[in-house]
Amino acid sequence: LLLKLTKILEDNKNPSFSPGSNVATISDEVFSRHAHISYSIARTPTTPLGLKLKRVPGGGIVISDIVYGTPAQYAGVVELLDEIVAINGVSVTGQDVEFCKRIIGQTVDNEVTFTVKRLTLS
């Protein structure tokens, strides 16, 4: 994703920058699509997954951090800012972070399955 974003910035000869910031502003149409993706993370029931979740404006719950050396990091499929749609087939739309943690904690098998909405470049 970073390489794609870098290419977009290179192609846009005049990216705009916010005063006091080093972050380029890119038009909304660049990030206009979302892909729905499902992935599973293997772990033992007593092992933390290594994900930090955060509720964002608009009500969605996103993955805000992936802890190094944990099943989430080793799985290699999780991306920061993946918006969680369901955990183990249970919808989390409109729920809070604690609800998500309860679903993960109640998982009795060795895999936790996430369905996420991932921002993609158009």
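Two strands pair if DSSP finds at least two bridges between them. Strands (E, at least two residues) and helices (H or I, at least four) are DSSP runs, numbered from the N terminus. The model is predicted: local features need pLDDT of at least 70, side-chain atom pairs count only at pLDDT 80 or more, and totals for chains, interfaces and linings use all residues. Residues are numbered from 1 along each chain as its sequence is written, and side-chain values use heavy atoms, with hydrogens and water left out.

Strands β4 and β5 (residues 61-66) run antiparallel and are joined by 5 bridges. Leucine 51 has isoleucine 66 as its bridge partner in β5. The hairpin has 5 residues between the strands, and its glycine 58 takes a positive phi near 100°.

The structure holds 5 salt bridges (a side-chain nitrogen of Lys or Arg within 4 Å of a carboxyl oxygen of Asp or Glu). In one of them, aspartate 65 meets lysine 52, with the closest N and O atoms 3.9 Å apart. Aspartate 65 is in β5 and lysine 52 in β4, so the pair ties together parts 13 residues apart in sequence. Accessibility was then assigned by class (buried, under 20% relative accessible area; exposed, over 50%; partly exposed, in between; 1.4 Å probe, protein chains only). Aspartate 65 is partly exposed at 31%, and lysine 52 is partly exposed at 45%.

Arginine 118 forms a salt bridge with aspartate 82, the closest N and O atoms being 2.7 Å apart. Arginine 118 is buried at 13%. Aspartate 82 is buried at 1%. A network of salt bridges links Glu79, Asp82 and Arg118.
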